[in-house]
Amino acid sequence: MSSDAYTPTAAADETGVTPPRFVDPSEAFDSIQAITGRKWNLRIVYHLLESGPMGFSNLKDALDGVSSKMLSESLSLLEEHRLVRRELVSDQPVRVEYSLTECGAALRPAVNALLWWDAEFDHKMDG
């Protein structure tokens, strides 16, 4: 167990949200990174938050530079972690639509906070 494990927290931060009373930050960050740490995952969640349910082609068009293989892998991972739902809309021709589950939609405040943080501190990747 790391030295920062089970850090008691009680005070709300500037967002007014009180963190869990006892949390192992190392385990929490490992879990969060496993789900959201891949390049396309948060981008997919963002587009589904903004546009609602989308088909594979629409998602691919919205994500500049993603390959079909990478999009498929990312969607499968998000589905495995119960953030995204895959629904067969029609079978002739086959049309699939992706939407956020309640768990995925609950990422809205975190996604918005990250975007505001980036805008405030202008953290852009070089090159």
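In helix α2 (residues 41–51), the residues N41, I44, V45, H47, L48 and L49 are buried, where buried means under 20% relative accessible area, exposed over 50% and partly exposed in between, with a 1.4 Å probe and protein chains only. The model is predicted, so local features need pLDDT of at least 70 and side-chain atom pairs count only at pLDDT 80 or more, while totals for chains, interfaces and linings use all residues. Residues are numbered from 1 along each chain as its sequence is written, and side-chain values use heavy atoms, with hydrogens and water left out. Helices (H or I, at least four residues) and strands (E, at least two) are DSSP runs, numbered from the N terminus.

Just after α2, G52 has a positive phi of about 80 degrees. Helix α2 lies across β3, β4 and β5 and runs at about 90 degrees to β5. Axes are lines fitted to C-alpha atoms, for helices over the stretch in contact, and angles run from 0 to 180 degrees between N-to-C directions.

The three strands make up an open sheet in the order β3-β5-β4, with antiparallel pairing. Strands β3 (54–55) and β4 (84–91) are at the edges with a single partner strand each, so one side of each has no neighbour in the sheet. Two strands pair if DSSP finds at least two bridges between them. Between β4 and β5 (residues 94–100), the antiparallel pairing extends over seven bridges. The bridge partner of V84 is L100 in β5.

Helix α2 also packs on helix α6 (residues 108–121), at an angle of about 110 degrees and with the axes 11 Å apart. The two helices α2 and α6 are therefore roughly perpendicular, the term for angles of 65 to 115 degrees; under 35 counts as roughly parallel, over 145 as roughly antiparallel and the rest as oblique. L42, V45, Y46, L49 and E50 of α2 and R108, V111, L114 and L115 of α6 make the contact, which requires heavy atoms within 4.5 Å. Of the residues in this contact, seven are nonpolar, none polar and two charged. Ala, Val, Leu, Ile, Met, Phe, Trp, Tyr, Cys and Pro count as nonpolar, Asp, Glu, Lys and Arg as charged, and the others, Gly among them, as polar.

W117 and F121 form a tilted aromatic pair, 6.2 Å centre to centre with 50 degrees between the planes. Rings of Phe, Tyr and Trp (its six-membered ring) pair if their centres lie within 6.5 Å; planes under 30 degrees apart count as stacked, over 60 as edge-to-face and the rest as tilted. Because W117 and F121 are four residues apart in α6, about one helical turn separates them. W117 is partly exposed at 44% relative accessibility, and F121 is partly exposed at 47%.
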